[in-house]
Amino acid sequence: MSDQRPEQKVVEPEYLLKEAPREKKFITGSQAFAEAIKRANVDIAIAYPITPQSETMHLVGDLYAQGYVKDYYRAEEEYGAMSAIAGAVRGGARAFSATSGPGLLRGLEAIVSWPGHRIPVVLGVMTRVVNAPLSIQPDNVEIAYLLHSGLIVLHAENQQDVFDFTLAGFAISEKVDVYIPVVVPTEGFFVTHAKGYVELPPEDLKLPPRDPYKAPVPPTDCEIPPARIQRDAPVQKSNFMSYLIHAVWQQEIWSANKRAMKWIYHYLGGPIEIVNPDAEIFVVASGCAAAQGREAQRYAEQEGLNVGLIKIKSIRPFPEKEVREALKNAKAVIVPEHNIVGWLAKEVKAVIPNSGIVVDGPRVYGGMTLPVELIMEEIYKAAGVKKEKKTVV
Amino acid sequence: MAEEREKIIVPGPAGYNPQPAMFLGVDLPPPGKALLYGQVVDEEEAMREAAKAMLTRKNPTIFPGPLVLWGWNAGAMEKAKAVLELAEEIPNCRIIPMPDYRPKYPKIDPEAEINPNHPNLTILHNKIEACIFVGVHCHYANLSLRMIRAGTNCFTIALCAEMGHEDAMVSLRDVHADEIRRFKEVLIEVRNQLGIEWTPTPPPENPSLPKEEFQTISPWDFGEYASLLIPRRGEVVEETE
């Protein structure tokens, strides 16, 4: 690490995220993650390399060398990395890690225990195929594995979202009434290795340091006697726990997850973005699929079709009320996704009373791109527009 | 006269495994406000209802947690003093500590302490119908408040230093020593309005704890915790951070 720390002024997250002047840069998603970490006053970053995450953590390693991140190391594998992250955060540090596909699943046992341990941390997930045959290509089926463990999941559409969600993630996860991890997934390669315009606040500003005493659980630094307060806490003593405390503990984690919603409004302007709210046909999408959905909405508008877009930024907590309200007059809902299981379509169907209007797809997976034309085909079907298919030989 | 609002969170027993308040649509109050039966109200209104419960329900008890019990900084010490001052003003009030969050097995002494693994046992054993949580870390307070609402008829009051607790019948936020003293003044006012005569009296000693002789007490009396109390060589402890 550099002996000299870069001069950075501590400012409140509200200023850094919402008020500070911003300058437009043309950078990759990996660089956007690193730019967020540069301004997040991170104490320690721990990870194990895996494509397509490696570039992000390489750039975070550069930040360590430059003195922006106080400590950094490569763990022995993902289970070790995610367990070490829990220890560092429990010890009072602000931490960041990132992983992809099979690495995420390898670390999953540790990751899904973070909420119950009340670990405020930000995890970047650069999505990648997880099932055999082996592939490094983008596919976001792994997000389905993150949805039922209490984690907050903010799905980034593009490089700008990567920066904003990651930086806001630290502020949200460290709120005393939340205090559970924030995961920021984005599509590997499509976002991480592609460049886009990102509005960045000055790099000489950073978040305030983490205050580990502003917490809903005691820190493990033994300053509050008795020192064994955490070592013997029921969190690791399942054989001594009553069923009832486990039940209310789970309720507490999901209550914390719901409490995060007001902070998502506060820092990110809300869990969804709506384009053309009066439409009768909607494309509902998250992550990279939202970018393609945005294009489809634009094409449809050019063709005189009344189509709207609902981009879902927060997958957990899921914006149930907001989606239900936005779709109350919809006649058809098209849910394009980068996975075969259709986890987003299931979420949307579960929160509206007339789930039969949801079109399952289009879906691509295994690394395929999601052409706007696929979404347009569904829009034409929903609008009753007949298009002749031209075959060029 | 406060307008009539739906009471979402009321004394239990609410059932075998009731929904948490957050799932029922209760949100934490913004700064300067409080929760009363799950609704956002002015602090004064919530304080009056809390005072009434502590003055009129059976066996009122204060449950101080580690952030009050362990004098590890000036704020905690001042808050502990304020809690004692409050207890003195509540007729026949007891103090039962929640000193830590470890499960106490094979059996808790419900007269000596309350524990987040089974707070209902202490409530039921002592027939406590009104209680105050103060200085308990939010996570453990939430667990306890939910279990108490599930299995007992106790009226719960949370004096929280942070953002408050949805599962308490009354929840005040950002409560430190000054705010506890403000609550004490409201309580005295309500007590006078109710015509309850009371001379401030310290709460009874905890019957299960050995008497502490402050003239002769030694760090070694604290057993395994002794090392935490002994200054290191050359260290002069005037005030902790």
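## A chat about chains A and B

Q: Hi! Let's start in chain B: in what sense do strand 3 and strand 4 pair, and over how many bridges?
A: Hi! Strand 3 of chain B, made of residues 61–64, pairs with strand 4 of chain B in the parallel sense, over 2 bridges. One thing to keep in mind as we chat is that this model is predicted.

Q: Which residue is the bridge partner of Thr61(B)?
A: That is Arg94(B), which sits in strand 4 of chain B.

Q: What sheet is there in chain B, and what is the order of its strands?
A: Chain B has an open sheet of 7 strands with mixed pairing, and the order is 2-1-7-6-5-3-4.

Q: And which are the edge strands?
A: Strand 2 (39–42) and strand 4 (94–95) of chain B are the edges, as each of them pairs on one side only.

Q: Which strands does helix 1 of chain B touch?
A: Helix 1 of chain B, residues 43–56, packs on the sheet and touches strand 1 (33–36), strand 2, strand 5 (130–134), strand 6 (155–159) and strand 7 (170–172) of chain B. Its direction makes about 40° with that of strand 1 of chain B.

Q: OK, over to chain A. What domains is it divided into?
A: There are domain 1 of chain A, residues 9–206, and domain 2 of chain A, residues 272–383.

Q: How far apart are the centres of those domains in chain A?
A: Their C-alpha centres lie 26 Å apart.

Q: What is the strand order in the open sheet of chain A?
A: The order is 4-3-5-6-8-7-14 in a sheet of 7 strands, again an open one with mixed pairing. The edge strands here are strand 4 (71–74) and strand 14 (314–316) of chain A, each pairing on one side only. On average, neighbouring strands of this sheet are turned by 20° against each other, with direction ignored.

Q: Do tell me about strand 7 and strand 14 of chain A: parallel or antiparallel?
A: They pair in the antiparallel sense, over 2 bridges. Leu154(A) stands opposite Ser314(A), which is in strand 14 of chain A.

Q: Which strands does helix 4 of chain A lie across?
A: Helix 4 of chain A, residues 78–90, lies across strand 3 (44–47) and strand 5 (95–99) of chain A. The helix runs at about 165° to strand 5 of chain A.

Q: At what angle do helix 2 and helix 3 of chain A pack?
A: Helix 2 (residues 29–38) and helix 3 (residues 54–66) of chain A pack at about 35°, and their axes are 8 Å apart. The crossing is right-handed. Phe33(A) and Ile37(A) are among the residues of helix 2 in this contact, and Leu59(A) and Leu63(A) are among those of helix 3. The residues of the contact count as 6 nonpolar, 3 polar and 2 charged.

Q: Changing topic: where is the cis peptide bond to Pro52(A)?
A: That cis bond runs from Thr51(A) to Pro52(A), with omega near 0°. Pro52(A) is in the loop between strand 3 and helix 3 of chain A. In chain B, Gly12(B) and Pro13(B) are joined by a cis peptide bond with omega about 0°. Pro13(B) is in the segment before strand 1 of chain B.

Q: What is phi for Arg118(A)?
A: Phi is near 55°, a positive value in a residue other than glycine. Arg118(A) is in the loop between helix 7 (114–117) and strand 6 (122–127) of chain A.

Q: Last one: what pLDDT does chain A average?
A: Chain A averages 93, and 93% of its residues score at least 70. For chain B the mean is 90, with 90% of residues at 70 or more. The predictor gives the complex an ipTM of 0.92 and a pTM of 0.92. Over residues 221–234 of chain A, though, pLDDT stays under 50. Where pLDDT is low, the predicted coordinates should not be read in detail.

Terms used: Residues are numbered from 1 along each chain as its sequence is written. Chains are lettered from A and ligands numbered from 1 in the order in which they are written. This is a predicted model: local features need pLDDT of at least 70, side-chain atom pairs count only at pLDDT 80 or more; totals for chains, interfaces and linings use all residues. pLDDT is the predictor's confidence in each residue, from 0 to 100. Two residues are in contact if their C-beta atoms, placed from the backbone, lie within 7 Å. Two strands pair if DSSP finds at least two bridges between them. Helices (H or I, at least four residues) and strands (E, at least two) are DSSP runs, numbered from the N terminus. Axes are lines fitted to C-alpha atoms, for helices over the stretch in contact, and angles run from 0 to 180 degrees between N-to-C directions. Domain bounds come from an automatic or database domain assignment. A crossing is left-handed if the near helix is turned anticlockwise from the far one by less than a right angle, and right-handed if clockwise. Ala, Val, Leu, Ile, Met, Phe, Trp, Tyr, Cys and Pro count as nonpolar, Asp, Glu, Lys and Arg as charged, and the others, Gly among them, as polar.
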